[in-house]
Amino acid sequence: MSGRIKPIIKKEFRQIARDPRTLGLLLLVPAVLLVLYGYALNFDVKHIPLGVLDEDRSASSRDLAGAFIRTEYFDAAARPRTRVEVDRLLGEGRIKSALVIPRGFADALAAGETAEVQVLLDGSDAQSATTAAGYVKAIVQDFSTRILVKALSRKGMIDRAIPLTLEPRIWYNQELLSVRFLVPGLIAFILMVIVVISTSFAVVREKERGTMEQILVSPVKPHELIIGKTVPYMLISLVSSHLVLVFGRVLFGVGIRGSYPWLLAVIILFLLCALSFGLLISTVAKTQQAAFMPAILTTLLPTFILSGFIFPLRNMPAVIRAVSVVVPSRYFLSALRSIILRGAGPAAFWDQFVGLAAFTAAAMAAAVIRLRRERRRGEG
Amino acid sequence: MRSIALIIKKEILQLRRDRRMMPILFLSPIIQLLLLGYAANLDVRDIPTAVCDLDRSAASRAFAARVLQSGYFALQAEVGRAADLDPLFESGRAAMGFVLPRGFGEDLEAGRPVRVQLIVDGAESQAAVIGMSYAAQIAARYSRNLLLETLDRRGFPGLRPAGVEPKLRIWYNPELKSRNFFVPGVLALVLMVMTMMLTSMGVVRERELGTLEQLLVTPIRPWQLIVGKLLPFVGVGLIDAVLVVGVAGLWFHVPVRGSVFLLLGLCLVFMLTTLGLGLFISTVSRNQQQAMLTAVFFMIPMILLSGFVFPIENMPPPIRALTTVVPLRYFFVIVRGIFLKGNGFGLLWDEAAALLVFGIVILGTSVLRFRKRLE
């Protein structure tokens, strides 16, 4: 078998090498994209510009405002004087949140009443606003509990600390940097898009140029053609995925906690999967344009949306979650996060592995069948 | 004029002849919209949670129940030993773990402070941050209630507990639906992907097939050729825009607070840029594979740096500076402003001006390059 596969591999390599831009795009684009996005993409909602309108001007109201600003979540960005000014600043986008402490705040607290403060949030970015709303509630709740404890111990009625405190222990990513969450996703996203798109052209180009018939009448068998076409792209994308891993390690400190052999196995399996999917598209399409559109539509958006790269799968409606079952990057991503971030062994991701393998087998079989049919048509 | 009309006719014929292109042109935007509308949900609810109750007392069970009732945490597993949490976290099946220490109930009863360990899967940083603030709220409220109960029992009638209640008012998107944030963005994405792709592929294909030369030897002038080739794509873009706005408003009930005509008008301005980029790519690409990869190379950064998902304010200053040359960024401000805030032209004119400048420069350069290559 190797006798017939080798020449195809050689030919394919030569063809890639003759087109240096495509080769460069394949090798370097993943690493460049990782560097760019690793720095640019960031979910961390911190330093939200806050406008403080303190109508009470008391020690307690300053205390509460201080409790907001002392956290790294809110930065004092403006001190509006009136509510109209608050509205204007929010409308202009100069502040994204505002704390309004009404007159009588301290008096209400002294009288043992529940004092109301108003917090305004710009909700057009629902994501950041949800996070900010959580911070607000936690800060105010904490403030309430503290003044209660203070009041009680001052009156000497009960002398005790806050009864229950949480002691958070953050595993795997102590600083809670979203870049660590995103890097494995970026690896999956970039590899999927680049690999599927580049291989989706591999067969259809030969069809368009008429060289496909020449190959089909030669004694090369469909599976040999597939293997021969896959191996070069496989090697190139293996190199580029290692570049991505190295950059992730050096620039973003995303080291590999788990075992490298398992990581390699998962990457190879995923690349095989993406390659066979690209080849399948290529065998179905008649023109390069017809190959490209499905390639981009089935990789770009689904990998972006349905793989868990950004949006957690568990929050999606059941129908959408069912659709995500056929998105291979979903399995890859889950396994990557387990191996890279959590240092888990195969027990933690074997199901993802099986899902990926099943998808690969199906795509590859479909591509071989398509080619065989084409060949028979060629003979007939 | 006649020759332009002829080219437009030829382009439309060509588009219609390719059966597979029709669904791609007009159905795929809808599918993308549906997918994003339903799937793009960053709301953190039902965080998979493991509870390790080492105390097994009435008090510890009550606390666990309080946590789970909040709606933020969904019980994934109950384990007897803290070590059993490891595999749950490793596989990502649990993202939060509460470890209630032995003596939880007795300590609370005796007034000794209790520390509950909260184990957080930092790999999912987003859910972790939000989950931690939910947990902090629950713990603080629990403490407060305990203090109040103690007060009640000891009977201090004159004392009323002071507290602060935040009244949250959320502007523009009161229910905090991620959908309202993402769906308008699809309009921008679809316009860009469609018009840029169609233009770059359409021109490169003619060159590859050699039909471009045939067109050139006809009396058609290069500018007529360009206008004739681009106008049908403008039409496709506009139809897609109307489709997206329609589905967003009627199906997803995303508010369209501003003027639809202003929106469509600014879509046209935005298309100057995308058509220009498409044309530019066609001038630097020898074959369709190159054109595609180059187009993707332009598109991915534009999407990720435009504020579509990731807030620009969070980016480090050099990257933030870089985003000012991403035309898509301005279009997002326009689209979201018109959809959610009901902004009129008065508030959006600077973004519109930026888009116009980008469009003229990019399209102008590309047309010049294209003409030079033709001659």
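**Figure 1. Confidence in the predicted complex.**
The predictor assigns the complex an ipTM of 0.73. The pTM is 0.77. For chain B, the mean pLDDT is 84. In that chain, 95% of residues reach 70 or more.

**Figure 2. Domains of chain A and chain B.**
Chain A splits into domain 1 (2-42 + 177-379) and domain 2 (48-154). Taken over C-alpha atoms, the centres of these two domains of chain A are separated by 49 Å. Chain B also has a domain 1 (2-40 + 177-374) and a domain 2 (47-154). Here 50 Å separate the domain centres of chain B, again taken over C-alpha atoms. In both chains, domain 1 is written as two segments.

**Figure 3. The contact between chain A and chain B.**
Chain A brings 106 residues to the contact, and chain B brings 100 residues. On the chain A side, these elements each supply at least two residues: α2 (20-40), β4 (114-122), α6 (126-154), β5 (164-171), α7 (178-209), α11 (288-306), α13 (328-341) and α14 (346-379). The largest share of that side comes from α6(A), with 23 residues. By class, the side of chain A that touches chain B holds 65 nonpolar, 25 polar and 16 charged residues.

**Figure 4. A strand pair that joins the two chains.**
Strand β5(A) pairs with strand β4 (residues 114-121) of chain B. The pairing runs in the parallel sense over eight bridges. One bridge can be located by residue: Glu167(A) has Gln117(B) of β4(B) as its partner.

**Figure 5. The largest nonpolar core.**
This core holds 235 residues. Five of them touch the most other members: Ile190(A), Leu191(A), Phe270(A), Ala274(A) and Leu191(B). Helix α7(A) gives the most to this core, with 20 residues. A closer look at Leu191(B) shows its contacts beyond four places in sequence. They are Gly237(B), Asp240(B), Ala241(B), Cys267(B), Phe270(B), Met271(B) and Thr274(B).

**Figure 6. Strand β1 of chain A and its partner.**
Strand β1 (residues 48-54) of chain A is largely enclosed by the rest of the structure, because six of its seven residues are buried. β1(A) pairs with strand β2 (residues 74-78) of chain A. The two strands are joined in the parallel sense over four bridges. Within this pair, Pro49(A) stands opposite Asp75(A) of β2(A).

**Figure 7. Lys96(A), a buried lysine.**
Lys96(A) sits in the loop between α4 (83-92) and β3 (97-101) of chain A. The residue counts as buried because 27 other C-beta atoms lie within 10 Å, and the cut-off for buried is 20 or more. Beyond four places in sequence, Lys96(A) is in contact with Ile48(A), Pro49(A) and Asp122(A). Ala132(A) is 36 residues away from Lys96(A) along the chain. The C-alpha atoms of these two residues are separated by 9.7 Å.

Arg56(B) belongs to the loop between β1 (47-53) and α3 (58-69) of chain B. Its phi is near 50 degrees, a positive value in a residue other than glycine. Arg56(B) has 12 other C-beta atoms within 10 Å, so this residue is exposed. His253(B) lies in the loop between α9 (222-250) and α10 (260-284) of chain B. The phi of His253(B) is near 55 degrees, also positive in a residue other than glycine. His253(B) is exposed, with 12 other C-beta atoms within 10 Å. A residue counts as exposed at 12 or fewer.

**Figure 8. Ile30(B) in helix α2 of chain B.**
Ile30(B) is part of helix α2 (residues 21-39) of chain B. With 18 other C-beta atoms within 10 Å, Ile30(B) is partly exposed. Not counting residues up to four places away in sequence, Ile30(B) touches Leu243(B) and Val247(B). Val129(B) is 99 residues from Ile30(B) along the chain. Their C-alpha atoms are separated by 34 Å.

Technical notes. Residues numbered from 1 in each chain as written. Chains lettered and ligands numbered in written order. Predicted model: local features only at pLDDT ≥ 70, side-chain atom pairs only at ≥ 80, totals over all residues. Contact = placed C-beta atoms within 7 Å. Nonpolar A, V, L, I, M, F, W, Y, C, P; charged D, E, K, R; others polar. Pairing = 2+ DSSP bridges. Core = buried A, V, L, I, M, F, W, Y, C linked by C-beta atoms within 7 Å. Domains from an automatic or database assignment. pLDDT = per-residue confidence, 0-100.
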